[in-house]
Amino acid sequence: MTTKVFPGIPESASDARHFTGEVLASMGCANIDAAQMIVSELVTNSVRHSLSARDGWIGVSVTAQAGDHAVIIVADDGPADGKAPAVPAECPPLGESGMGLWIVSRMSEFTVGAPGLCWARLPWTAPVVPDPALAGDLAGDVFAIAGLGATS
Ligand SMILES: Nc1ncnc2c1ncn2[C@@H]1O[C@H](COP(=O)(O)OP(=O)(O)O)[C@@H](O)[C@H]1O
Ligand SMILES: [Mg+2]
């Protein structure tokens, strides 16, 4: 496992993206874009929503079983109310909060383990052909958001 600690400032999202990309590239991972997007959402949340924003720190760990999966772990100083965020079961309405965690949960096996601690497990290789069922769901969500109704 490779770990780096970042300050609770907006620039850390970009720094964590680069860190994650470098670690996974050195291991030969072929799903780096997804990993970077996930870490970007999670570190942004730590900066925006956790106590790490008050001169605190955000820990990012990248670990992997090469050829099988990668795991991104993000730890922060926790929410002010001490309650771990809930991962939405469905796509939230446009403009409401919850889209970030929903996207992460669609791109990975995502777990909020405790307030201030979450991890995402994602496949080693990006799918070449999208899963038709997943693609169908996503298209349905997008069309619903845009108010366009059914796709066929
Ligand atoms: N690291 C975190 N610390 C505290 N609260 C969090 C954290 N991540 C997410 N949350 C809570 O979960 C909500 C949903 O997060 P997210 O889906 O990323 O949407 P958004 O960031 O746009 O509000 C946030 O509004 C916040 O209340
Ligand atoms: Mg967010």
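**View 1. The residues around ligand 1.** Of the 14 residues around ligand 1, those that come nearest are Asn45, Pro79, Pro85, Ser97 and Gly100; a residue counts as near if its C-beta atom, placed from the backbone, lies within 6 Å. This is a predicted model, in which local features need pLDDT of at least 70 and side-chain atom pairs count only at pLDDT 80 or more, while totals for chains, interfaces and linings use all residues. Residues are numbered from 1 along each chain as its sequence is written, with chains lettered from A and ligands numbered from 1 in the order in which they are written.

**View 2. What the shell around ligand 1 is made of.** Helices H2 (32-49) and H3 (99-107) each give at least two residues to this shell, and H2 has the largest share, with 5 residues. Helices (H or I, at least four residues) and strands (E, at least two) are DSSP runs, numbered from the N terminus. By type, the shell holds 4 nonpolar, 7 polar and 3 charged residues, with Pro counted as nonpolar and Gly as polar.

**View 3. The open sheet.** Its 5 strands follow the order E1-E2-E3-E5-E4 with antiparallel pairing, where a pair needs at least two DSSP bridges. E1 (2-7) and E4 (109-114) are the edge strands, each with a single partner, so one side of each has no neighbour in the sheet.

**View 4. Where E1 meets E2.** E1 and strand E2 (residues 57-65) run antiparallel and are joined by 6 bridges. Look for Thr2, whose bridge partner in E2 is Val62.
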